[in-house]
Amino acid sequence: MSAAMRVTRSTNASRAGLVGVVLVLVALALAPLWAGRDGMRLLIDAYVYVVLASLWNLLAGYAGLVSIGQQAFVGLGGYTMFALAVLGGVNPLLGIPLAGVVAGVMALPVAAVTFRLRGAYFAIGSWVVAEVFRLLAAQVSVLGGGSGGSLPVGLITALARSRAAREHLMYALALGLMVAILAAIVVLLRSRWGLALTAMRDNEVAARSNGVDVERTKLVVFVVTAACTGMAGALVFVQRLRISPDAAFSVNDWTALVIFITVIGGIGRFEGPIVGTALFFVLRETLSDLGSVYQMLLGLVAIVVMVYARRGLWGVLAERSDLQLLPLHRRVRVAGFGRGGAPRETQSRPAP
Amino acid sequence: MHWVNAVVQGVLVGGLYALFAAGLSLIFGIMRLVNIAHGDLIVLAAYVALVVTGTLGINPLLSLVVVVPVMAAIGYGLQRGLLNRTLGDDILPPLLVTFGLSVFLQNGLLEVFSADSRRLQAGRIEVAGFALNAGVSVGALPLLQFAAAVAVIGGLHVLFYRTALGRSFRAVSDDPEVAQLMGLNTRHVFALAMALSLAIVAVAGVFLAVRTNFDPATGPARLIFGFEAVIIGGLSSLWGTLVGGVLLGVVQAIGAEINPGWQVLAGHVAFLAVLAVRPQGLLGRARR
């Protein structure tokens, strides 16, 4: 390789994108000033889905682990926080990171069993594990059994004095969690692990032959996403103040919608889940009055996108215009080639 | 004696699970497609049977004459019109398209038939049966259902290893490109496989509808039971689906006997235990 080649990540679009990202974050941080109570609740919901979809994207889009069982870790996180609060009087805010630890540790035995299944069978296997968790949670009578329970009032009032203060606190927590997890994903994707993951996304066999320890990378990604998913789950149920096995381990809420969001936004790209969440909330706010017809439409949209625009909305846009929100794709620039024009690219295209 | 009875009933229910599993295993074997909508298609077949028995006023078991061809036609159309486009090296498209299909079907059924729980009445055969001894009795319907499962799997075995169509199925399963070079229309063969799978789904759906209550949301659990039976029995084995189904039925029956809340849980645990100890399944050969 000659000295005239260098690898860059930033493009004009990503530099502009970075400025835009900072501006949007400032605006979102100031949401309590402009959004109102309903607006803030909607934004918290959206942040949770950005987190869950980004994590699922890392798992399915990059590491090739198509899980239909991530609700296992949402529920596990929620129930860990709830159990610590009800049985030990632990502050729910402290329960959130502890839920992450528990979910991450539990991911190890789950992986030991489900990693024996490949591809699509892994998907259903992970679903069975989530069902086991749901059925077990319903058997624990101190946590309310099948009907669940509410957080103790004393702990809720200890969170914040008034309802408005609590809502502001939850908003800040949700925004903080989303920014922290997205930042962690950016750092991960820019690191050696990220290069390995991108290589695995594009071609697992080629990645293996270039020295990527595919199995270990998958395990690390599975455990880390489980821990982060657990924290998101704990946060959801601190906000809701009550939990039940059916809500905590819901395949529709925590996996079907997450898959839908990632698919329409663009799977295997960092920006996909964010674009997908925005699109989903537009659909939900305009069409959800239609009830089951709305759900049918979601299913139909996912099918159409998967068949006709496999890379999702962001994938289609990015392909046409060399667009990226953050400097993540690696490009090899060769001196003398296309000076000022489009650089030659490697590693930046998803597998066809 | 009620333990023996639980085991006997579990074996008979296992026939139904084997029917769930056979259709799933068939299309995975032929085109490496895992149909997430499989359970919802079983429930769809139950609703088709509901409409057929309602309009023609015939016995549910007789309605199979209509339901089987209808479901097979749906299967052929689904494969040619949609699922063939998703096949390839990437596992995501078939998985996510059938997942979307599952959401679509569940909510479509909800829209048309409402969330009310339904059941088909099969008449006198429902209460017919005979006692093996004081504590163990066998119902005619469960026995018929088990016989149907054995007949379907035996029939599949004959079809696979004794007929030209079976040879085409095995050929496209081994290597679709070479099969195509040899003059097979793989798209047509895949569609026939899906038609066959949904014909089995039709049988499963009708027996499900006679045996128990169903509503639009009951599909995913049927998918999971079928899937567990496939994995317990062994991925590469047709008779394995029967063994897996029976084992799942027995374990669930024993679990329910200990504590009603443990019925489904016991099945899941058995599945995970098989996965941990013998991941190729009881009758499976090679490791995946």
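**Notebook: the interface of chains A and B**

I looked for salt bridges (a side-chain nitrogen of Lys or Arg within 4 Å of a carboxyl oxygen of Asp or Glu) across the interface of chain B and chain A, and the rule finds zero. The model is predicted: local features need pLDDT of at least 70, side-chain atom pairs count only at pLDDT 80 or more, and totals for chains, interfaces and linings use all residues. Residues are numbered from 1 along each chain as its sequence is written, chains are lettered from A and ligands numbered from 1 in the order in which they are written, and side-chain values use heavy atoms, with hydrogens and water left out.

**Entry on the interface**

I then counted residue pairs in polar contact between chain B and chain A, both at pLDDT 80 or more, and the count is four. A polar contact is a pair of N or O atoms within 3.5 Å; within protein, one must be able to donate a hydrogen and the other to accept it, and residues adjacent in sequence count only if both atoms are side-chain atoms. Helices α4 (92-113), α9 (219-233) and α11 (263-277) of chain B are the elements that give two or more residues to its side touching chain A; helices are DSSP runs of H or I, at least four residues, numbered from the N terminus. The largest share of that side, 14 residues, comes from α4(B). I sorted the side of chain B by class and found 30 nonpolar, seven polar and four charged residues. Ala, Val, Leu, Ile, Met, Phe, Trp, Tyr, Cys and Pro count as nonpolar, Asp, Glu, Lys and Arg as charged, and the others, Gly among them, as polar.

**Entry on helix α1(B)**

I checked the length of helix α1 (residues 2-31) of chain B: at 1.5 Å a residue, its 30 residues should span 44 Å, and the end C-alpha atoms are 43 Å apart, which agrees. The expected span is 1.5 Å times one less than the number of residues. Of these 30 residues, 22 are buried, that is, under 20% relative accessible area with a 1.4 Å probe, protein chains only. Arg32(B), which follows α1(B), has a positive phi, near 55 degrees.

**Entry on Ser63(B)**

I located Ser63(B) in helix α3 (residues 60-81) of chain B. Ser63(B) is buried, with a relative accessible area of 0%. Its side chain reaches the backbone oxygen of Pro60(B) at 2.5 Å.

Note on methods:
Buried means under 20% relative accessible area, exposed over 50%, partly exposed in between (1.4 Å probe, protein chains only).
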